[in-house]
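Open the model in your viewer and keep the sequence panel beside it. The stops below each give something to select and then say what is there.

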Amino acid sequence: MDVSGVTAQIMELKTATPYVTRQEEIKTGFKNINDYSKYLQEKYPEMNTGTKNMYGVPVTVTVSSAFLEKCNKDPEKAAFLEENLAVTNECVKRSVEYTKNMPGNPVMTFMTIEYDANGEITMTSACTNDPDGKIARENAKRKADEARETQKKLEKRRLKKKKEKEAEEKRRLEKIKSESLETQEYIGMGTDLRAITESIFGSKGKTSFDLRA
């Protein structure tokens, strides 16, 4: 690490305890951001080093390179950054304890702390009262059972309607057939009754006629 040009000064920083401050040596003026980041990571190992387990919770602390650039050039901004990085551990601890005391005894599943280009801090976390997924599995099973039951009812209703429709169609056809038989007429004309009969009804299966003069 090239420390040429680095300056250090003692500054008053806030602590996790309200109205209590502490003095801290703040260094700035590193040759590049990589060197500045290494310096900060020696003091605050959770910064920009991926996800770390803190009090049983995966925690990620990210500081944008744009803000690191500003802090490296401005001791006041650097003091602000270190002031907040220094209380990360305490803030995570308090958040975890607070979550445990919430109704339903939930547990925190993750936390991210992000510093944007202007030093604006965004903390994001999530918690659940179903860490092993038991409640989710039971709810999923219940919904699946309800869906199957609903499907069975719909299928039963569909079959019932189908049978009703088939019965109605059968009645309709029988009615048409009955009406046709009631109104059907057969007409034949000629001078030979046997020929007239066969022309209308056919001779197959019919009683033979023996017409005599």
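Select Val-92 and show what surrounds it. Leaving aside neighbours within four places in sequence, Val-92 is in contact (heavy atoms within 4.5 Å) with Met-54, Tyr-55, Val-59 and Met-111. This is a predicted model, in which local features need pLDDT of at least 70 and side-chain atom pairs count only at pLDDT 80 or more, while totals for chains, interfaces and linings use all residues. Residues are numbered from 1 along each chain as its sequence is written, and side-chain values use heavy atoms, with hydrogens and water left out.

Stay on Val-92. Its relative accessible area is 0%, so the residue counts as buried (under 20% relative accessible area; exposed is over 50%, partly exposed in between; 1.4 Å probe, protein chains only).

Next, select helix H4, where Val-92 lies. Helices (H or I, at least four residues) and strands (E, at least two) are DSSP runs, numbered from the N terminus. H4 has 13 residues and spans 19 Å from first C-alpha to last, close to the 18 Å expected at 1.5 Å a residue (1.5 Å times one less than the number of residues). Which residues of H4 are buried? They are Thr-88, Val-92, Ser-95, Val-96 and Thr-99. Look down the axis of H4: these residues fall within an arc of 95°, so they line one face of the helix (the arc is that of the directions from the axis to the C-beta atoms). Among the elements covering them are strand S3 (51–54), S4, H3, S5 and strand S6 (121–128).

Move to S3 and S4. The two strands run antiparallel and are joined by 4 bridges (strands pair if DSSP finds at least two bridges between them). Met-54 has Val-57 in S4 as its bridge partner. In this hairpin, with 2 residues between the strands, Tyr-55 takes a positive phi near 60°.

Now select Tyr-36, Leu-40, Val-63, Leu-81 and Leu-85. Within the largest nonpolar core, which has 28 residues, these touch the most other members (a core is a set of buried Ala, Val, Leu, Ile, Met, Phe, Trp, Tyr and Cys residues joined through side-chain atoms within 4.5 Å). Elements giving two or more residues to this core include helix H1 (33–43), helix H3 (75–86) and strand S5 (107–115). Leaving aside neighbours within four places, Leu-40 is in contact with Met-47, Leu-68, Leu-81 and Glu-82.

Finally, show the whole chain. There are 6 helices and 6 strands, and 22% of the 213 residues count as buried.
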